[in-house]
Amino acid sequence: MASTVFTQMPFQSNSLNKSSNTHFVPSFRLPVSLSFKPRTALPKRFRIRAGLIEPDGGKLVDLHVAEPERELKKREAASLPRVKLTKIDVQWVHVLSEGWASPLTGFMREHEFLQTLHFNSLRLADDSFVNMSVPIVLAIDDYQKAGIGESNSVALVDSDDKLIAILTDIEIYKHPKEERIARTWGTIAPGLPYVEETIPNAGNWLIGGDLKVIEPIKYNDGLDCFRLSPVELRREFEKRNADAVFAFQLRNPVHNGHALLMTDTRRRLLEMGYENPILLLHPLGGYTKVDDVPLDWRMKQHEKVLEDGVLDPETTVVSIFPSPMHYAGPTEVQWHAKARINAGANFYIVGRDPAGMGHPVEKRDLYDADHGKKVLSMAPGLERLNILPFRVAAYDKTQGKMAFFDPSRAQDFLFISGTKMRTLAKNKENPPAGFMCPGGWQVLVEYYDSLTPSDNSRIPEPVPA
């Protein structure tokens, strides 16, 4: 069963006490293009013992209403002005409620919004900083603002008018859309997927406040068992006696190049002296652009990867990260890394152009491929997290498998792009043997086969990625 295959691991991980200022782990060879060096080197085979890394702010936020109080809160909500949430708004309520954005206690008020836009961090009461690079905000329009009037709280409901949460001690402020887009994405070019989905038609006001979430968010799609909260992940890591947790963020099917990166990371952590490093394979489960493989199909593909032994179920936890995807490159990759700290990870794998995409107008990447790695090495509030930049993997024609790229024999390597992979799967053609496990590839073929257009429909046009 999927739940058996996907959940099995141990843990005890803390950011390295002896190298708390080290962002790049020294035993991982950096790409030639990167010039910064690790500040502290760990001796090889040094025995390391640590507990789980502390969440940002020292304590995980839990914004759920206790069960005995739920009926009282529902009665309270009945007399409050109502704000209707979009599907993506509900995903952000989910993120906030479970503490992924700790220490945030709700949708951002203006001072938090401005700090996020301009400094990619939040200053806490003790003058320390935590990283926060993407605005987590709720937009309302003029009509809703007028309806709220002088009320200090509002009820948040979904598209079916089901009560989701109460937002208390509210603050309403202007929604500077162009500034938000420019500061988050570094461009105001048309065609940015998350922007087009959420911002142009959103209201001219933002409403912030403290969230009281009535019940845990459930999607009833057969995947809720994989949506482990930071608290549940930490329990799982402790149960498995892990002494390091390394997280891998992805929104695509897993091919053998990805698997090579993950297994090689574990090998190197063992060489560093850890005894039981655990992989958190953490696919993004919120909003994604129209041509990305949907979550349910990705989870089927990930299951086959574990069933076929490409990754070891004993040392891998597969869980769904509920955040929506911005495709905001170096800005967003900080959010992805920060959230994994709150889940207990003290190592984060980062590769080429993390969280990036093709430019929506021009034929080029929107972000420099190396900037994500460089930004993570310097980002305020991420000093405790050890960043693991990985070498490029490609298909080695001489070995018939995915391997680390060797520039001295570049002619022996084949780079299979996402576009090429999708084209092969759509045409029911097989990739080179050793590119992806057969079971995982079959899932991908079945997905694209399910998209065969009828007389009156079309397969969605791809957005460059």
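Me: Why is Glu-362 called partly exposed?

Reply: Buried means under 20% relative accessible area, exposed over 50%, and partly exposed in between (1.4 Å probe, protein chains only). Glu-362 has 41% relative accessibility, so Glu-362 counts as partly exposed. Bear in mind that this is a predicted model, where local features need pLDDT of at least 70 and side-chain atom pairs count only at pLDDT 80 or more, while totals for chains, interfaces and linings use all residues. Residues are numbered from 1 along each chain as its sequence is written, and side-chain values use heavy atoms, with hydrogens and water left out.

Me: What makes Glu-362 and Arg-364 a salt bridge?

Reply: The term asks for a side-chain nitrogen of Lys or Arg within 4 Å of a carboxyl oxygen of Asp or Glu. Here the closest N and O atoms are 2.6 Å apart, so the pair qualifies. Arg-364 is partly exposed because its relative accessibility is 42%.

Me: How do you know that Asp-406 and Arg-409 form a salt bridge?

Reply: Their N to O distance is 3.6 Å, so the pair meets the definition. Asp-406 has a relative accessible area of 26% and is therefore partly exposed; Arg-409, with 22%, is partly exposed as well. Elsewhere, salt bridges that share partners join Arg-251, Lys-289, Asp-291 and Asp-292 into one network.

Me: Are Arg-240 and Glu-236 buried or exposed?

Reply: Both are buried. Arg-240 and Glu-236 also form a salt bridge, with the closest N and O atoms 2.5 Å apart.

Me: How many salt bridges does the whole structure hold?

Reply: The search finds 27.
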